[in-house]
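Please look over the sequence and the model shown here. A short report comes after them.

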Amino acid sequence: MGFAWGPGDILVYETLYKASGASGSGCSFIHEIRKDEDIYSPILRKLFNESHHIFVGLQTIREELPSKSKKPQFVSISKNYRSVIRACMEELHFGSFFKFLFYSLVSILLAIELIWNLCEVLFIDAAPAGSLLLHLLDWVRLHKADVDERAREVLQSESPAEHHDYWDVPGGTQTLTEFDVKWRHWHEEVDRCMQDNSFASNRHLEVICKILLGDEDTLLDHKELLGTWYHFLVTRLLFCHPTVKPTELHYYAQSCMTMFLDSRSVSEPLDNILLAAFEFDIHQVIKECSIALNNWWFVAHLTDLLDHCKLLQSHNLHFGSNLREFLLLEYASGLFTHHSLWQLAVDYFDHCPEFGRVYLELQIERVPLETERKALKVLRICEQRQMSEQVRSICKIMAMRALRNNRLGSALSWSIRAKDAAFATLISERFLQDYCAKGTFSDLDLIDNLGPAMLLSDRLTFLGKYREFHKLYGEKRFREAAKLLLSLMTAKIAPQSFWMTLLTDALPLLEQKEVIFTADQTYELMFCLEELTSSLNITASSTDRPMQEEDVEVTKVELLRLALARNLAQAIVKEGTVET
Amino acid sequence: MFVARSIAADHKDLIHDVSYDFHGRRMATCSSDQSVKVWDKSENGEWHCTASWKTHSGSVWRVTWAHPEFGQVLASCSFDRTAAVWEEIVGESNDKQRGLSHWIKRTTLVDSRTSVTDVKFAPKHMGLMLTTCSADGVVRIYEAPDVMNLSQWSLQHEISCKLSCSCISWNPSSSRAHPPMFAVGSDDSNVTYGGKVQIYEYNENTRKYGKAETLMTVTDAVHDIAFAPNLGRSFHVLAIATKDVRIFKLVPMRKESTSTGPTKFEVQIVAQFDNHNSQVWRVSWNITSTLLASSGDDGCVRLWKANYMDNWKCTGILKGDGSPLTGSSGQPSAMSTVLGSSVQSSQNALNGMSAGSCLLTSVLDSH
């Protein structure tokens with residue numbers, strides 16, 4: 001059995017691979033396996049896009065301010081993240097056709113939001129005793145409202161909210177101790193009423209009273225209404241210990257969970273996560289979340305936020321300077337396999353100081369370059385980050401592709417962008433060969449507008465200048481054209497193999513009625529011709545060229561010699577004549 | 001959770017190798033039916049066979065793609081003692097519409113006297129270089145000096161490894177600190193002497209490849225070998241497929257300024273897994289060297305991931321048809337609700353549902 005890794009975390013299997021040499025019958029199948037990432041879900045795409053926006057905003061919060069004053073900002077960012085989650089849930093409620101997908105995605109999002117909210121209350125907002133309970137009440141109520149609309153109606157009648165509103169909010173106009181004292185008085189009142197059976201006549205009232213006293217058994221009797229152990233916890237805290245301190249939470253949480261779950265022996269992953277949160281064990285929360293959830297999105301963003309709040313001790317990892325970086329690297333790497341989400345991943349890598357860059361370099365060069373537009377997009381990202389090797393490589397790939405498809409202009413512009421002199425030379429040669437064969441240039445626009453890029457390679461320079469010559473000739477600026485033509489040979493810009501063509505181009509200029517080439521210039525032309533013919537003679541004997549070709553060459557040379565001689569004569573006369 | 005899709009390969013005999021191109025949008029397969037097939041992935045993710053042709057006169061063992069900087073180039077090697085280089089030529093528009101393309105042979109490398117068991121291109125920063133290894137223990141390195149002319153290849157190096165070779169892997173690092181290096185594995189079945197993996201390194205002074213290291217602890221036949229992507233580290237990581245999966249760390253030791261020989265390495269075995277409980281045939285790294293995959297005669301593919309302490313653990317097992325190895329519950333390993341009442345079996349952690357969770361737990365455990 002064999003396989004291959006694809007760049008996008010895709011494995012392909014060969015089946016029935018047996019290297020023992022036994023040849024079997026026709027091999028039928030290859031299987032392509034892909035991790036079923038959430039990134040392929042269109043609804044979650046909104047989550048990834050919007051959270052990316054929030055993430056980038058978070059990274060740019062100025063470092064100089066002390067953490068304390070940044071707390072409101074962090075809380076607000078936390079709320080932003082949560083609202084994105086809720087928005088996704090809303091969409092799922094209305095949008096999804098696939099019931100199964102809907103159910104599992106919604107419940108995952110619900111869980112995520114629940115956990116995040118709790119983390120916000122406990123870690124980020126770090127509510128102190130007093131307001132802590134209020135936040136927890138909000139937390140439970142919000143969650144309960146999501147899960148069970150109907151139950152809410154029933155609950156409202158016995159809802160702690162009524163009672164909570166009845167009292168002044170601690171921290172508002174009174175201190176915690178003042179509230180505590182008041183509350184204890186009230187509690188004792190209710191207890192006394194219970195004891196002397198003032199409510200004995202009304203069964204319901206008795207139950208309500210017991211609830212108000214926080215009687216565990218009564219509360220547990222109404223388990224179905226509470227739904228979850230953490231609801232039970234908050235309810236119990238409300239009625240027994242409203243001024244609970246954060247540090248005391250875990251004790252109550254543990255006991256409530258045990259009491260509530262006594263029928264089942266197994267606690268769910270969610271329970272463990274929440275319990276860890278109540279115990280203020282942030283690392284345990286992250287660890288449990290990573291185990292339970294399929295995608296790195298949640299742990300990566302939450303850990304990043306907690307890190308900004310300076311709540312994470314730095315764990316040095318082989319993979320990154322800390323846990324935050326490790327999780328972000330994993331999340332972003334996962335995004336890279338997606339045909340459009342990979343662009344989000346770039347920003348995440350940018351904010352991973354230790355390994356972000358090298359991860360980005362490795363991943364970005366594997367992005368398929370289906371269109372020029374996509375290639376330019378990838379290039380821009382690389383250029384912005386001075387990833388010169390990746391830039392060169394991508395341009396080279398595009399240039400090669402264009403060349404194979406005979407799109408010389410495109411190939412040339414890509415090789416210029418790659419600063420690949422050798423390739424530019426090669427393509428220029430092809431242009432020149434094309435010209436010799438067809439008599440015209442293709443991609444004139446490109447060659448005309450080369451500008452300083454012309455200097456990348458000698459051949460390219462020649463191509464540009466040669467085209468310039470043609471332009472000048474077309475504009476009837478003969479003198480300039482002539483000067484340029486000559487300089488192409490004398491400055492050795494033109495390869496000798498091309499000189500014959502150039503000299504042939506000179507013929508019409510020589511044949512003009514008006515004298516264009518000066519005497520000096522003509523001497524130089526003659527010199528070039530001699531140089532050319534003498535070198536050709538040396539080679540002519542060794543190469544066996546067909547007679548016809550040689551004849552043509554000889555005729556050309558003779559024609560040139562004649563034209564040059566005539567021009568020389570005319571030039572001398574002209575230059576020697578005194579204007580009267 | 002993994003999603004699997006089957007492709008009808010249509011080879012008339014066993015498939016010996018599958019290779020993705022650099023961007024993962026094309027694939028080549030080769031078989032004992034002596035042919036190579038090239039597949040293209042369309043926009044909607046479906047694979048279509050765009051070329052299929054006879055390449056050799058014997059079983060084709062391996063096929064590999066050159067870096068796209070060199071164009072669309074493939075190399076294949078075969079039992080018929082040859083290796084060949086193929087280039088795709090742009091076809092007529094008719095062919096394009098029908099989704100076909102043509103590949104022509106640019107060269108045949110006939111230097112080997114025995115079956116050529118592996119063919120690999122060297123890292124692109126070395127130019128267009130091709131390496132083959134044969135059953136007679138000779139590794140050959142060829143170079144095409146003119147990348148536009150793929151019919152001209154010159155044999156630059158011929159290295160005798162003394163043991164029958166089965167696989168090669170180049171160190172992908174392009175760092176100046178690391179001279180070019182490759183590893184050769186041998187499938188020689190005599191276990192009385194070790195050294196079934198040899199590391200060769202290029203020496204600037206002698207302009208030759210010299211043996212830098214032999215892994216004496218590898219005594220069983222080696223079927224596949226793979227250097228991990230380097231990530232700017234100073235040391236190298238090498239995975240080996242033999243009777244089990246092994247991962248080695250090669251740490252270059254400081255060279256004296258006068259030393260002109262190959263680098264000395266400190267060899268550490270980082271991990272060894274016999275979970276396949278059978279011969280392991282392939283090992284392969286992902287792009288960022290954070291995951292290693294291996295496949296074996298037990299018909300499974302296993303994924304391995306390391307934590308900060310270099311403790312490697314299995315993070316996923318896939319069966320031959322792509323389905324994950326589930327527990328006895330037989331439940332589809334769906335993303336079960338975290339809220340709900342379904343019981344999560346511990347198997348889920350292994351099924352890749354929580355890729356890397358093992359890594360994370362062991363990271364946090366170690367503190």
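The report below goes through chain A, then chain B.

## Basis and domains of chain A

The model is predicted. Chain A is split into four assigned parts: domain 1 (2-18 + 26-34), domain 2 (37-152 + 177-349), domain 3 (368-452) and domain 4 (496-579). Between the C-alpha centres of domain 3 and domain 4 of chain A the distance is 36 Å.

## Helix α12 of chain A

Helix α12 of chain A runs over residues 249-260 and has 12 residues. From first to last C-alpha it reaches 16 Å, close to the 16 Å expected at 1.5 Å a residue. Its buried residues are Leu249(A), Tyr252(A), Ala253(A), Cys256(A), Met257(A) and Phe260(A). They cover an arc of only 130° around the axis, so they sit on the same side of α12(A).

What does the face of α12(A) turned away from its buried side carry? That face holds the exposed residues Tyr251(A) and Thr258(A).

## Aromatic pairs

Over all chains, the structure holds 36 aromatic pairs. One of them joins Trp116(A) and Phe298(A). This pair is tilted, with 5.7 Å centre to centre and 45° between the planes. Trp116(A) belongs to helix α3 (residues 99-124) of chain A, and Phe298(A) to helix α15 (residues 297-308) of chain A, so the pair ties together parts that are 182 residues apart in sequence.

Phe123(A) and Phe280(A) form another pair, with ring centres 5.7 Å apart. Why does this pair count as edge-to-face? Its planes lie at 70°, and the class requires an angle over 60 degrees. Phe123(A) is in helix α3 of chain A, while Phe280(A) is in the loop between α13 (269-278) and α14 (282-292) of chain A. The pair therefore ties together parts that are 157 residues apart in sequence. Phe123(A) is buried, at 6% relative accessible area. Phe280(A) is partly exposed, at 32%.

Ring pairs also build a cluster in chain A. It links Tyr435(A), Phe462(A), Tyr466(A), Phe469(A), Tyr473(A), Phe478(A) and Phe498(A).

Strand β8 of chain B spans residues 83-89. Six of its seven residues are buried, so β8(B) is largely enclosed by the rest of the structure.

β8(B) pairs with strand β7 (residues 73-78) of chain B in the antiparallel sense, over five bridges. Val73(B) has Glu87(B) as its bridge partner in β8(B). Four residues lie between the strands of this hairpin. Within the hairpin, Arg81(B) takes a positive phi near 75°.

β8(B) also pairs with strand β9 (residues 102-109) of chain B. This pairing is antiparallel too, and runs over seven bridges. Here Trp86(B) has Lys105(B) as its bridge partner in β9(B).

Which residues of chain B does the UniProt annotation "repeat: WD" cover? The unreviewed entry places it on residues 8-40 and 273-305.

In the model, residues 8-40 of chain B are 0% helix and 58% strand. The end C-alpha atoms of that stretch are 14 Å apart. Residues 273-305 of chain B are likewise 0% helix and 58% strand. There the end C-alpha atoms are 12 Å apart.

Methods: Residues are numbered from 1 along each chain as its sequence is written. Chains are lettered from A and ligands numbered from 1 in the order in which they are written. This is a predicted model: local features need pLDDT of at least 70, side-chain atom pairs count only at pLDDT 80 or more; totals for chains, interfaces and linings use all residues. Side-chain values use heavy atoms; hydrogens and water are left out. Buried means under 20% relative accessible area, exposed over 50%, partly exposed in between (1.4 Å probe, protein chains only). Helices (H or I, at least four residues) and strands (E, at least two) are DSSP runs, numbered from the N terminus. Two strands pair if DSSP finds at least two bridges between them. UniProt positions are given in the numbering used here, feature names are shortened, and annotations may be inferred rather than shown by experiment. The expected span of a helix is 1.5 Å times one less than its number of residues. The arc is that of the directions from the helix axis to the C-beta atoms. Domain bounds come from an automatic or database domain assignment. Rings of Phe, Tyr and Trp (its six-membered ring) pair if their centres lie within 6.5 Å; planes under 30 degrees apart count as stacked, over 60 as edge-to-face and the rest as tilted.
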